[in-house]
Amino acid sequence: MLRDLSKRFTLWEFGLIIIVGSDLPENLPKYSLNMPNRTVFFVSDGTGITAETFGHAILNQFEVDFRRVRLPFTDTVDKAHQAVRQINQASALEGKKSLVFTTLANEEVMEVISQGCHGMLMDMFDTFVHPLEQELGIRSNHRIGRFSDASKSKQYQSRIDAINFSLDHDDGQSHRDLESSDVILVGVSRSGKTPTSLYLAMQYGLKASNYPLIPEDFERQDLPPALKPHHKKLFGLTIQPERLSEIRNERRPNSKYASLQNCRHEVREAEAMMRRSGIKWLSTTTKSIEEIATTILQELRIEHSAY
């Protein structure tokens with residue numbers, strides 16, 4: 001329905017319709033005084049992930065609620081003109097300049113954006129790439145996206161292999177080729193091992209396995225036998241029992257598995273085992289995946305590729 005309406009009205013007109021409360025289908029969003037009052041655009045001739053990641057890092061320094069719009073694959077002059085119209089309409093509707101983060105390798109496309117855009121333009125290529133060209137004395141390849149042809153990129157294939165490896169070695173489901181792991185995460189169930197493993201694989205191309213510590217291990221007061229030959233690759237994750245109980249109750253409400261008493265017991269035993277075994281570990285309770293992954297790379301001194 002929104003797409004149909006956008007064909008009949010400009011963004012300015014559409015905004016006025018919503019503001020004055022004209023009769024529209026009930027499922028359409030209504031503007032309110034508490035909604036974001038400035039739009040941020042991430043414009044790229046690739047996926048837009050780089051522009052969005054960089055933009056988010058900058059915008060998070062400000063206590064402002066922005067409306068965020070990604071415009072990926074803006075790789076032709078015609079698409080650039082469409083992006084300019086959308087940016088300028090948002091600026092007119094809101095009465096403020098839209099913020100525009102760009103990663104555009106195509107100079108013709110960038111020219112259309114820079115000359116026609118009424119927003120505040122932040123071009124990552126102009127800010128970083130051009131000064132580097134001058135310092136290095138060479139011209140960049142102006143490649144669109146991180147991989148010009150993913151099917152021919154060894155880096156990309158390595159990353160896919162790492163993701164498949166991490167999926168195959170999730171939750172201790174396979175001991176095969178465990179020695180090929182770059183890192184093996186250990187910890188109680190639901191302490192953050194799986195998302196961290198996948199992040200390490202996707203972001204850094206690392207083969208990350210993860211292995212749960214279970215009641216049988218606590219009874220033996222020893223690490224699972226399959227892990228002992230790979231002690232240098234082990235890294236432990238723990239979590240506050242209260243938070244662990246909340247997470248487990250979402251999965252198995254009112255079970256012994258999720259009870260606070262059981263969570264306290266498992267966390268206490270797991271941390272004691274890590275200390276006895278000399279395994280480096282951290283608490284995931286208040287940390288983001290990015291912080292956890294960075295700490296693991298730093299503590300284990302793992303060499304990784306840049307993707």
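Tutor: Let us begin with the aromatic residues: F42, F54, F101 and F128 form one aromatic cluster. The model is a predicted one, in which local features need pLDDT of at least 70 and side-chain atom pairs count only at pLDDT 80 or more, while totals for chains, interfaces and linings use all residues. Residues are numbered from 1 along each chain as its sequence is written, and side-chain values use heavy atoms, with hydrogens and water left out.

Student: How many aromatic pairs does the structure hold?

Tutor: A pair of aromatic rings is described by the distance of the centres and the angle of the planes. Rings of Phe, Tyr and Trp (its six-membered ring) pair if their centres lie within 6.5 Å; planes under 30 degrees apart count as stacked, over 60 as edge-to-face and the rest as tilted. The structure holds four such pairs. For F42 and F101, the ring centres are 5.8 Å apart and the planes meet at 20°, so this pair is stacked.

Student: In which strands do F42 and F101 lie?

Tutor: F42 belongs to strand β1 (residues 39-44) and F101 to strand β3 (residues 99-103), so the pair ties together parts that are 59 residues apart in sequence. Helices (H or I, at least four residues) and strands (E, at least two) are DSSP runs, numbered from the N terminus. F42 is buried at 0% relative accessibility, and F101 is buried at 1%. Buried means under 20% relative accessible area, exposed over 50%, and partly exposed in between (1.4 Å probe, protein chains only).

Student: What geometry does the aromatic pair of F54 and F101 have?

Tutor: F54 and F101 are edge-to-face, with 6.3 Å from centre to centre and 75° between the planes. This pair also links distant parts of the chain, 47 residues apart, since F54 is in helix α3 (residues 49-59) and F101 in strand β3. F54 itself is partly exposed, at 27% relative accessible area.

Student: Which residues of α3 are buried?

Tutor: They are A51, E52, G55 and L59. Seen down the axis of α3, these buried residues fall within an arc of 95° (taken over the directions from the helix axis to the C-beta atoms), so they line one face of the helix. They pack against β1, β2, β3 and α6 (124-136).

Student: Where does T74 lie, and is T74 buried or exposed?

Tutor: T74 is in the loop between β2 (67-71) and α4 (77-94). Its relative accessible area is 4%, so T74 counts as buried. The side chain of T74 reaches the backbone oxygen of L71 at 3.0 Å. Contact means heavy atoms within 4.5 Å. Leaving aside neighbours within four places in sequence, T74 is in contact with V43, S44, D45, K79, A80, A83, L104 and V109.

Student: How many salt bridges does the structure hold?

Tutor: A salt bridge is a side-chain nitrogen of Lys or Arg within 4 Å of a carboxyl oxygen of Asp or Glu. The structure holds nine of them. In one, R220 and D217 meet through their side chains (2.6 Å, N to O).

Student: What is the spacing of R220 and D217 in helix α9?

Tutor: An α-helix has 3.6 residues a turn, so residues three or four places apart point the same way. R220 and D217 both lie in helix α9 (residues 215-220), three residues apart, about one turn of the helix. R220 is partly exposed at 41%, whereas D217 is buried at 5%. Likewise, the side chains of R243 and E246 meet in a salt bridge (3.0 Å, N to O), and both residues lie in helix α10 (residues 241-251), three residues apart. R243 is partly exposed at 34%, and E246 is partly exposed at 46%.

Student: With which residue does E266 form a salt bridge?

Tutor: The partner of E266 is R248, the closest N and O atoms being 2.9 Å apart. E266 lies in helix α11 and R248 in helix α10, so the pair ties together parts that are 18 residues apart in sequence. Helix α11 covers residues 260-277. E266 is buried at 7% relative accessibility, and R248 is buried at 0%. Not counting residues up to four places away in sequence, E266 touches V188, F218 and R248.

Student: Over which ring does the charged end of R248 sit?

Tutor: A charge sits over a ring if NZ of Lys or CZ of Arg is within 6 Å of the ring centre and within 35 degrees of the ring normal. The charged end of R248 sits over the ring of Y257, 4.2 Å from its centre. R252 also lies over the face of Y257, at 4.4 Å from the ring centre.

Definitions and conventions:
Polar contact = N/O pair within 3.5 Å; in protein donor to acceptor, adjacent residues only side chain to side chain.
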